[in-house]
Amino acid sequence: MKILMAASEAFPYAKNGGLADMVSALSLALAKQGHEIRMVLPRYYVINRAELKLEALEGPMGVPAGGTEEWSEVCTGLLPGSPPENPVRVYFIDHENFFGRDGIYGVPAEPDFLDNPRRFTFFCRAVFQLCKKLNWYPDVLHAHDWPGALIPVFLKFEERQKKFAKTVSALTIHNLGYQGIYGKENFYHTGLGWDVFYNGGFEDWNMMNLLKAGICSADILNTVSPNYARETQTSAYGCRLDGILRDRAADYRGILNGIDTEIWNPQNDPAIPMPYSAQDMTGKARAKELLQQEFGLPPSPDTPVIGFISRLVGQKGVGELFGPAYGSAYPICRDMNLQFVVLGTGEAWCENEIRSLAGKLSNFKAKITHNEALSHLIEAGSDFFLMPSRYEPSGLNQMYSLAYGTIPIVRNTGGLADTVENFDPQTGGGTGFMFDDLTPQAIYNTVAWAVGAYHNRRPQIEAMRKRGMEKDFSWDNSAKKYIEMYEDALKKIRK
């Protein structure tokens, strides 16, 4: 099967969140199963052509842009980790005005670039022009989230009548909370007629909703966990699109994200001081020692360390955790015998409050940055990993934690509920600690429950660690489910 992955980010080139990890890991898993996978993404400023030894395709590429035409270069390289016998080729749409800037979607001073609808409309158009330039037409165009949501729209209303008659579109919703809603004057850049605006799903309270249009047009839809697929069809989690998702329920499924077990594996992780496994946890103790040293915490093998790595936004429960005067982080560190480490960036108020907490609490340390190597050390060196998410489509860190013998403390929602089994104090079973209500008190109580078990039920804690490390969250099974999804879509248009 020929599959083109079209995304706004992909690891290791440009990463804002779990979307980047998923796109690359799925592409590699599908390639290892023998499918011809190609990827396309914008060439942002951070993607250095010389360092990556990218090759330029001959000649510029014209891209329709709302009654005019934009010109772009295309450069290409191979995705690191690709199987030698079937490498994943990556194409970069190189347009200096749209993508030659810091940030993927924005910068701190402008979190959402004003021209984002035009930038990603151009990108989605460029995907089709790239295929024509290469004379390579995929069986599946797999688009991701709102930046790629116009790909199913262009396929349905224009390109299928041309050279893409045998191509289907798949749209993966990574986070329904981000929909790409902009003023409808931006619709002009699509070059589509206004009948498509009103009949194709764009219209949203006199605004333009890119993700909604993609959901209405895609041949097949999925999100990144079975539980989140169910949740998004309810008013509580549907972000006003639950009715449309219920209407498309026959074409909508949940496929749990996997993790790249070559990158996230304590037995061969170069970012941790010593490899370890479920049979020999010596390396985990060494990672904990180094983690405490890295964050300026006193070395204490018997003090539990809680790790927190996240974008500092409301979805991640940061209000309930770090909110001034009411968040649970301060009383947790004040009342309990533990150490707490934080890594992440996000909303300014939250960054400032975390800095304030670090100044008040000797057992609370933070680094306000993004650091891939340090995130590996936190996963390996922590005893517990906290994820108090308001909602969590899939979540990756809880799976990383389980793989590293770090016990998750999570809210019972989305993909967290699909991957973590709650601790049973009667039997000692389970792989983590879960709570239902997102309140500071619920977070405090659940952390206290986990820390109490650490101090008083150590054999059960050690058994939970090993049970988590034995779980299989590799991409192999998930990749097979994506192939099934593609095949179902292809059957419909090739009858």
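1. Let's start with E351, which sits in helix α12, spanning residues 348–360. Keep in mind that this is a predicted model. Is E351 buried or exposed? Its relative accessible area is 16%, and since buried means under 20%, E351 counts as buried. Leaving aside residues up to four places away in sequence, E351 touches L312, T345, G346 and I368.

2. Next, have a look at helix α1, residues 18–32. With 15 residues at 1.5 Å each, α1 should span 21 Å, and the distance between its end C-alpha atoms is 21 Å, so expectation and model agree. Helix α1 is also mostly covered, with 13 of its 15 residues buried. After α1 comes G34, which has a positive phi, near 100°.

3. Now for a sheet of 6 strands. It is open, its pairing is parallel, and the strand order reads β16-β15-β14-β17-β18-β19. Which strands stand at the edges? They are β16 (364–367) and β19 (433–435); each has a single partner strand, so one side of each has no neighbour in the sheet. On average, neighbouring strands here are turned by 20° against each other, direction ignored.

4. Strand β18 (residues 407–411) runs parallel to β19, and 3 bridges join the two. Helix α17 (residues 458–469) lies across β17, β18 and β19, and runs at about 85° to β18.

5. Compare this with an open sheet of 3 strands, ordered β9-β11-β10, whose pairing is antiparallel. The edges belong to β9 (181–183) and β10 (203–204): each has a single partner strand, so one side of each is left without a neighbour in the sheet. Strands β10 and β11 (residues 207–209) run antiparallel and are joined by 2 bridges, with E203 standing opposite M208 of β11. Helix α6 (residues 210–217) lies across β9, β10 and β11, at about 50° to β11.

6. How many salt bridges does the structure hold? There are 27 salt bridges.

7. Other salt bridges have other surroundings. The side chains of E36 and R38 meet at 3.1 Å, N to O; E36 is partly exposed at 29% relative accessible area, whereas R38 is buried at 17%. R334 and D335 form a salt bridge at 2.7 Å, N to O. Here R334 is exposed at 51% relative accessibility, and D335 is partly exposed at 40%. Finally, salt bridges with shared partners connect R43, R49, E73, D94 and E96 into one network.

Notes
Residues are numbered from 1 along each chain as its sequence is written. This is a predicted model: local features need pLDDT of at least 70, side-chain atom pairs count only at pLDDT 80 or more; totals for chains, interfaces and linings use all residues. Side-chain values use heavy atoms; hydrogens and water are left out. Helices (H or I, at least four residues) and strands (E, at least two) are DSSP runs, numbered from the N terminus. The expected span of a helix is 1.5 Å times one less than its number of residues. Buried means under 20% relative accessible area, exposed over 50%, partly exposed in between (1.4 Å probe, protein chains only). Two strands pair if DSSP finds at least two bridges between them. Axes are lines fitted to C-alpha atoms, for helices over the stretch in contact, and angles run from 0 to 180 degrees between N-to-C directions. Contact means heavy atoms within 4.5 Å. A salt bridge is a side-chain nitrogen of Lys or Arg within 4 Å of a carboxyl oxygen of Asp or Glu.
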